[in-house]
Amino acid sequence: MYVLVKTHKFDAAGIHTRDEILETCKLRPIVSCCGSPTEKLSWMVTIILSPLLNLIPSHLQHAYGHLDSLRSMTADQLRGLQFYTADVVSLYTNIDISSCITDIIDLAAEHIDQLDLRGLTLTEVHMMLELVLSKSFFTYNNRLYLQLVGLFMGCMPSPLGAVIRMYNFIRRSIYSDPSYLSSPIKLFFGIYIDDLGSLSGTKEEACAVLDRISEIDPDKLIKWEIDYPESDNHFIPFLSTQIKIDEYGTLHYRYYRKPQKKMITLHSLSHHPERTKSQTAKNYYHTAKICSSSDTYVEESYLTIDKLLLANGYTEPRKYINYRAPKHTYSPKQHSDGERVPLSLPYLTEPISNNIVRYIDSHDIPIRVTFTPGRKLRDIFCCSRPYDRKTCFNKRCQICPRLTDGSDCSTVGVVYKIVCKLCNQVYIGETSRSLHERLMEHHRYASNPANYPDEALSIHYSRLHTGLPPDLSFSSLDCVRNTTLRKIKEAFYITNYKPEMNLKEECTALERYLVK
């Protein structure tokens, strides 16, 4: 489990002391499913059930879906109404898991003909949901916990479950109300996860609608924070827009960026292709334009984007409004995707990437090349909490006392170095398993050379240190999850260290991973 600071919920400028931070700072707990035993099941369940979102009338498919509905209304329909928003307080943690699973399965059964169950039955999908959402184990301070109440953020089906649970409340309260057809809700009522937007004549009517939804919750945990315009000239923020309806029923809207939001985006000096940076800047202006109802609001929205891009090193940001990606001046033979072999290469510089693509196209080579990002800061820094250290649960661990670099013996996907302290000879290896598991094998090889005659450390100790107990030290050279990259790293370190204990056969086998 880890936490994210809700920077948009408070102003950090006036916070100076530790006590003020603890009193003011708001956190969002995240229980990550990445690498967990249920990660693949979570993915499968989400793929199967995601089409249900298209069948929920109140669900906004994207952050600008509300504009399409509002733009389709006439001034006569909007006259006398106000656009308001409401936010569900702590939605995820206030949802009962078993009731949420029941709602999901009921809706799936109702629209079973529109779902692809991938050969499973709905009963089996139900069992998968129970396992994924109910077994939310996580560790904190080296202790194991089980979340008993609420959906946990970080699990793929959680947003889906939250949307369907809220839709169940809305359907039973709003859509079943006889007055629904004649109320402003009929014109527009949309919700994006926990952010609701709708129309109402007065604030009292809006509060009554929200109260009806809350009353359906059997646990009485659904609470709302409403934002209603004080006058016809008051803009109300909703997602990435600000909206108001004037006294004549005219709809006004413009691009919105929360004041608390950091002025950070893809920097002009970042290690990305120029096309990527240019297209990012262009997309900002495109979004600002479609989120603005008039030329005046377009200019206001553009100024917001100008500030953002100028703060990130773009000296002439407006030039990206009409940016077009450069086209090739040659016309190579077109190959279908089935004929082209995918080739993934690390991105180095713009000229190198262009030369590679140009050469492939000009020589009619059936390759589809993609450039992957280079090494990022997050790959270099160990973690966001460098002073934390896991405690080995094995009090008799033979590996941790021998790790010279402070590594954790539970780390997986490691290129490691072993030093024989009796003669200072070196061995380089790699493993996809944990350090503890692999290094214990090496320790056994050195302890019992006769039982493992073909292993490198067995050969070393049987020839040079016959009858002596092993005296080894271990260290982690690199941590790489990808098997091919880890092999390349191992070959690189073997070339640099020239380890004496590695067998010649091992070194020869790794030569294919290096370009000479």
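**Cysteines and aromatic rings**

Tyr285 and Tyr302 are both buried, meaning under 20% relative accessible area, where exposed is over 50% and partly exposed lies in between, with a 1.4 Å probe and protein chains only. Some ground rules. This is a predicted model, where local features need pLDDT of at least 70, side-chain atom pairs count only at pLDDT 80 or more, and totals for chains, interfaces and linings use all residues. Residues are numbered from 1 along each chain as its sequence is written, and side-chain values use heavy atoms, with hydrogens and water left out.

Now the rings. Phe, Tyr and Trp rings (six-membered ring for Trp) pair if their centres lie within 6.5 Å; planes under 30 degrees apart are stacked, over 60 edge-to-face, the rest tilted. That gives 10 aromatic pairs. Take Tyr285 and Tyr302: their ring centres are 5.2 Å apart and their planes at 90 degrees, so they sit edge-to-face. Tyr285 is in helix α9 (residues 274–290) and Tyr302 in helix α10 (residues 295–310), so to speak distant parts of the chain, 17 residues apart. Helices here are DSSP runs of H or I, at least four residues, numbered from the N terminus.

Phe83, Phe188 and Phe238 form a cluster through ring pairs. Arg254 lies over the face of Phe235, 3.8 Å from the ring centre; the rule asks for CZ of Arg, or NZ of Lys, within 6 Å of the centre and within 35 degrees of the ring normal.

How many disulfides are there? The search finds 0, with a cut-off of 2.5 Å between cysteine sulfur atoms. Cys397 is buried, at 9% relative accessibility. Cys155 is buried too, at 3%.

Methods:
Helix = DSSP H or I, 4+ residues; strand = E, 2+ residues; numbered from the N terminus.
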